[in-house]
Amino acid sequence: MLQHFITRFFRVTTVTLCAIFLLLSSVKMGLAAPRSDAFAGKPFGVARVTIDVLRGEPVLPLSDERFTVLEANGRVIYPVLKHEPARKIIRGLLGREAPRKVTIYYLFLGEKPFDLSPFTPHEQGVRVNPLRDSVAHRRLLLEWWQQYTKHYEGLLKDRAYPPVAENFLVASLSRRLDLPMPEPRLGLLGTPDLLGMGRDQDNALSYLFVDEAHRLRIDRAMLRGEPIEQLEATTLPNPIEWPQCDLSLEELEDVEVESLATHVPEECFYLRFGNFSNYLWFRDLNKKWQGDLGNMILRRGIKRLASDRIQQQLSLRENALAKILGPQVIADAAIIGLDPYIEQGAAIGILFQAKNDLLLATDLRRQRREALSQFEDASEQAIEIDGQSVSLISSPQGHVRSYYVQHEGFHLVTTSRTLIERFLQAGQGDRALAQLPSFRLARKQFPLERDDTIVAFVSEVFWENLCSPKYVIENFRRLQSVRESLLLELARYAAQCEGKAGLTSEELIAVDILPKRFGKRSDSSRLLATEGGSVDSLRGAHGYFLPIADMAIELTTVKETATFHRFRDKLRKSVKSLPPVAVAAHRDSGEEGEPETISVDVHAQGELRQMLGAVGSWLGSPANRKLQPVEGDLFSAEVVIDTPIPIADNLAHGESFEHHLFGGLRDFRSPLVVNSGAIQPGDSLPELVRGYFGAWPKPGWLAWITSLAGAEEAKGAEPQLIGTDLWQAKQEDFLLISFKSAVIEQVLPQLNLVPADRPAQLWVRLEDLTGTQMAENVNALGYMRTRETSVAGSRMMNALANQLRVPRDQCRKVAEQLVDGKFVCPLGGKYQLYAPQRGLEVWVSSALPEQNLFMLTEVPADFRLPMPDWFRGLKGDLRLDEQSLSLHSEVKMTKAALP
């Protein structure tokens, strides 16, 4: 009996030790057997595979498109990743980090077994044997959908890259598989949907300016299919009733305005340069920063093509001689337009006031006629508009559309016939900008003697025109036309993925890739395919559409009318009217070798507190006094607050009184660490941040903060501890709190009031960061953000290959078509295909070092943000009263920022 027990004990022990050895060996080698579940079904089978992530390189699977699955015959489609961390027990056994496991869900075609190639990120192999179990198939399909939509919602929330393909697939598969369409979550400022196409932070301005979220909502609506009764024709709805302006022209007759404004229609936006040299400066500045002045701070990843298309349509290109002669023949210049829709074709033009009519006319004709040699199908004709001879150079599809007219020493080159008509009428005194009371009030605010470099003005009439039924409905139609072309391209790739034949919309509808009424239009227009790209039969080539102002619209549909009414109601709910806005920028070169100062003033007319929401309701009255700058602050801000304070032990419920809150950030070195691809502080905020908050003449909100810590109000200038991390002190009417007692000791004696340059409720100040410790932190965080922007471009290209099997060498071209732009690596590299030794060929930027290709691990020592090279300081203030909003800012910049 004892011998039997001993034999069994050694046998079990031996087997156990062997099993443990094999377990440890397999974990060490990263060769744990994958776990796979697959169930055949109609129209697709569904499966998942759980597999090890091999050690040897840092990975973030959820943001790394190398993690996917492939099958040699293309049977595997629409994969999505779910991250699963390694088990803690394995970590404990090994005493170090074990391989992580990931689960990849996917759909598949057919029922026969197949060989799967998971990439995690190195290629592994799995034999998949699908089972038939309808209940298990449905359960796993719902799991796949949950993960698929979660990934999609994450892209909508973070916008790592424009999720055009994912948006198409989620909307299409929701309809086809009868699965619930997710509603993107609302942010803090989110609002109910305007168009009934989702709920991701929609508002009236989002619709007016056609942002990315709005385009994605349009896509989802088109892929859902619309009930046929919504396409029934009806008359145009009535326009929005706007409140009448209280200003009168008689009150402002003495205000001097420039001659140029007497020839600008009142419904135009107006960007005036004053002279040709200012125009060249603005154009060159815009060109230097790739048409996006945001690049001066953080480089963007997409170069938009709209500006180049407008220039091509207008056929205006200055040569070196024009730069020299321009100031001699041009007295004044402005860009004017009836709408901002330059991405698809705006009614826009350049207006010149001549010093020498003959020389200017000769040069403009020469520039425009160069288009005749560049475009074989372009032709020139003389047409008559309002009794005036007008030159038109155009091509059938709109790649060139340049009207030119000369009237009383003023020359207009534009893309729009309507703008020509209104220019001629304005020159005769019919609704000119110079006659508009709001413009004269803006000129009173920014008089001519200021000699501003640039003055911009958007009138209330511009907004009213933009919000008219014609503009809103036609804008909706042309957006649908553009999106139809992109969705059709994506549908072709989806059909190829699923092994279905289909190129035309009719063929793709027949195989259920697209909904039955896809492409049906109320205006009888249709999409035409040409060698040069998609063409709208009524509007022209995409990107070169006939301007909305030139379109004739008499009828609409029930759906379009409902869309306009929702837009109108949304607009009325948020604002009474859209205000006239004036902006003036002035250059001050300063002394030789000193930074140049650019002053920018913004003045918006009207009752704007409601439009600004919580910000407008929190602000107190404009103040004539503010704190003097505190020596040693790198950033400081002060705001006048008048809002009820939350309940606190030492405060009355709902107590409200006007007081100033202020704060500052002083120089400090924050030890940063790289953790999971992100740069994070190496210690807690109380240990790192050298800053402070304060209030005067009453504690206000600071008293509420201290009450949360159970502390009484400070009694004197000696720092007193609040809880474990905060300190407070008080001197006269100033209450100060900080994480550091030393900061209070440095700042409190400096607090003093000085007269404000202008009455305001908000003041901000940012000093030159050159040579500061904080500059290193800003640069490191800037690299993280810039790298994310760079990687976003390649992620979109790789996602197209993984989700729609776009050939990898064509992914960049297709991605650029989807975003209507060119991907530009903000780090200065080039996007290229990268083939690792063991893994999937993917798109990356050549500017990324090996260690940062797929996850940030270190900040390169030679990286520099563009901003520190030119920025030398900023100060600004804001005033909001019952009649207007005024903003003044001054930025000091070196020559590195300027053209």
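1. The chain has 23 helices and 39 strands; helices (H or I, at least four residues) and strands (E, at least two) are DSSP runs, numbered from the N terminus. This is a predicted model, in which local features need pLDDT of at least 70 and side-chain atom pairs count only at pLDDT 80 or more, while totals for chains, interfaces and linings use all residues. Residues are numbered from 1 along each chain as its sequence is written, and side-chain values use heavy atoms, with hydrogens and water left out.

2. Some totals for the chain come next. Of its 899 residues, 51% count as buried, where buried means under 20% relative accessible area, exposed over 50%, and partly exposed in between (1.4 Å probe, protein chains only). The accessible surface of the chain is about 42000 Å², and carbon and sulfur atoms hold 53% of that area. Accessible areas come from the Shrake-Rupley method with a 1.4 Å probe; for residues, only the protein chains shown count as cover.

3. Contact means heavy atoms within 4.5 Å. Among contacts in the chain with a separation of 6 or more, 69% are between residues 24 or more positions apart.

4. Helix 12 spans residues 437–445, and its buried residues are Pro 437, Ser 438, Phe 439, Arg 440, Ala 442 and Arg 443. The cover over these buried residues includes strand 9 (269–272), strand 17 (454–458), helix 13 (460–466), strand 22 (581–588) and strand 23 (596–605).

5. Arg 272 lies in strand 9. Arg 272 counts as buried because its relative accessibility is 14%. Its side chain makes a polar contact of 2.9 Å with the side chain of Asp 332. A polar contact is a pair of N or O atoms within 3.5 Å; within protein, one must be able to donate a hydrogen and the other to accept it, and residues adjacent in sequence count only if both atoms are side-chain atoms. Setting aside neighbours within four places in sequence, the contacts of Arg 272 include Glu 258, Leu 260, Ala 333, Arg 443 and Ile 454.

6. Strand 30 (residues 720–722) and strand 31 (residues 726–731) run antiparallel and are joined by three bridges; two strands pair if DSSP finds at least two bridges between them. Ile 722 stands opposite Leu 726 of strand 31. The two strands form a hairpin with three residues between them, and Gly 723 in the turn has a positive phi of about 65 degrees.

7. Strand 31 also pairs with strand 32 (residues 734–738), in the antiparallel sense, over five bridges. Here Lys 730 stands opposite Leu 735 in strand 32. This hairpin has two residues between its strands, and Glu 732 in the turn has a positive phi of about 55 degrees.
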